[in-house]
Amino acid sequence: MLDRRGLRRGTARLVAAAVTAGVLIAGVASAAVGASSLVPVVEGLDGPRGVAVGPAGRVVYAESDGSFSQLITKGRHAGSVTQLGKVPQQFLAPAVDVGGRGQTFVLTVGGEPGTGAATLYRWTPGRGVRPVADIAAYQHTDPDPYNLGEDPPEESNPFGVAALPDGSALVADAAGNDLLRVYPDGRIVTVARLKPRVVKVPEELPDEIDGEPLPPAGTPLPAEAVATSVTVGADGYWYVGELRGFPATPGTSQIWRIAPGSVNAVCDPEAPATGACRRYADGFTSIVDLGAGPDGSIYVVELVKRSWLQWELGLVDPPVGGLFRIPPGGGSPVELAAGELVLPGGVDVGKDGVVYVTAPVFGEGMLARIG
């Protein structure tokens, strides 16, 4: 996705534009006037993003200072919050997921080597936080063959993580445009690569950006996938969501369904119904997270419904995002908490079907459930 350098070509990272916490919270408040379906659970969080529901209703979430905490939702300690640990701070909060044996995976986004960025960590009650694998080091040996941007094909920005039953973890890399599998001993294999897609320049964009002229609206351009998110469905398949690179055309973000155990699969928009990676859904905009419901539903978070680029260019205020539920087996998505989420960052679902979401990813935010 994009970072503070404001990449305009969508090759890697989520833009961290200078937006004040007051503006973001005001946007949430104004959207939520009336019958809100968002129920705040923990408020006053600093740029929350990752969220994962573990056994017995324990909810783990992460904040922009690199800390990750656990909320107890059931039993006599319901409502209590405990900070579990902390990883090196980056430009966004880490992603998290809860695995078996009490372990929690914590994934930092891209940054300078040797700083703890682009690293998968594992937390366990007895041993605390320990690094598992340097994702950036692996991507340096496994460059993106479909790289379109000005940044090197070896660049890494790991953005989404999902735990697997065997103790390994899936990592979606938004710079490498691929899905990786990290084993408990730190070994990494490439599960799938997401190819670029030809999209049309949207009408909403200006004639030029930073003094560089843009092609006219409707001009076809190749745009990178920008793999931001991964979840394991109730069917055992691995689902990956895309942000969509420059020009971030709305309605062009896809969700791919990958056969478990795959290695070096290709997710190809020109052949979306063949091979181990097949298109599961289409028509989304700027996907930043996925969650899987126990009934087979897939939940989708859109950072900004009009696209990250239009927000970065100041064309969207407030930057309202979206949360959607795709019914089991596919079908038309249903929006949840419509108009209530500003820059949402994460979603997960408990075994009881309760949906949790974090927002906004910059400034003061909250962990909320869908009421």
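Reader: I'm new to this structure. Is Trp311 buried or exposed?

Author: Keep in mind that we're looking at a predicted model. Trp311 is buried, because its relative accessible area is 7%, and buried means under 20%.

Reader: And how do I read two aromatic rings together?

Author: You describe a pair of aromatic rings by how far apart the centres are and by the angle of the planes. By this rule there are 3 aromatic pairs here. Take Tyr239 and Tyr280: they are edge-to-face, with 5.0 Å centre to centre and 80° between the planes. Tyr239 belongs to strand β19 and Tyr280 to strand β22, so this pair ties together parts 41 residues apart in sequence. Both Tyr239 and Tyr280 are buried.

Reader: Which ring does Trp311 pair with?

Author: With Phe362, and that pair is stacked: 6.2 Å centre to centre, 25° between the planes. Trp311 sits in helix α3, while Phe362 is in the loop between β28 and β29, 51 residues apart. Phe362 counts as buried too, because its relative accessibility is 10%.

Reader: Where does a charged end sit over a ring?

Author: Look at Arg257: its charged end sits over the ring of Tyr237, 3.5 Å from the centre. Arg187 lies over the face of Tyr183, at 4.1 Å from the ring centre.

Reader: How much space lies in the largest pocket?

Author: Here's the idea: roll a probe the size of a water molecule over the atoms, and you see where empty space is left. In this model, the largest pocket holds about 910 Å³. Its lining has 47 residues, and among the closest to the centre are Val53 and Asp348. Strand β18 gives the most to that lining, with 5 residues. The lining divides into 24 nonpolar, 16 polar and 7 charged residues.

Definitions and conventions: Residues numbered from 1 in each chain as written. Predicted model: local features only at pLDDT ≥ 70, side-chain atom pairs only at ≥ 80, totals over all residues. Heavy atoms only, no water. 1 Å grid on protein atoms, 1.4 Å probe; cavity = no way out; pocket = protein on both sides within 12 Å on 5 of 7 lines; lining within 4 Å. Points joined across faces, edges and corners; volume = space filled by probe spheres on them. Helix = DSSP H or I, 4+ residues; strand = E, 2+ residues; numbered from the N terminus. Nonpolar A, V, L, I, M, F, W, Y, C, P; charged D, E, K, R; others polar. Phe/Tyr/Trp six-rings, centres within 6.5 Å; stacked < 30°, edge-to-face > 60°. Buried < 20%, exposed > 50% of the residue type's maximum accessible area, 1.4 Å probe, protein only. Lys NZ or Arg CZ within 6 Å of the ring centre and 35° of its normal.
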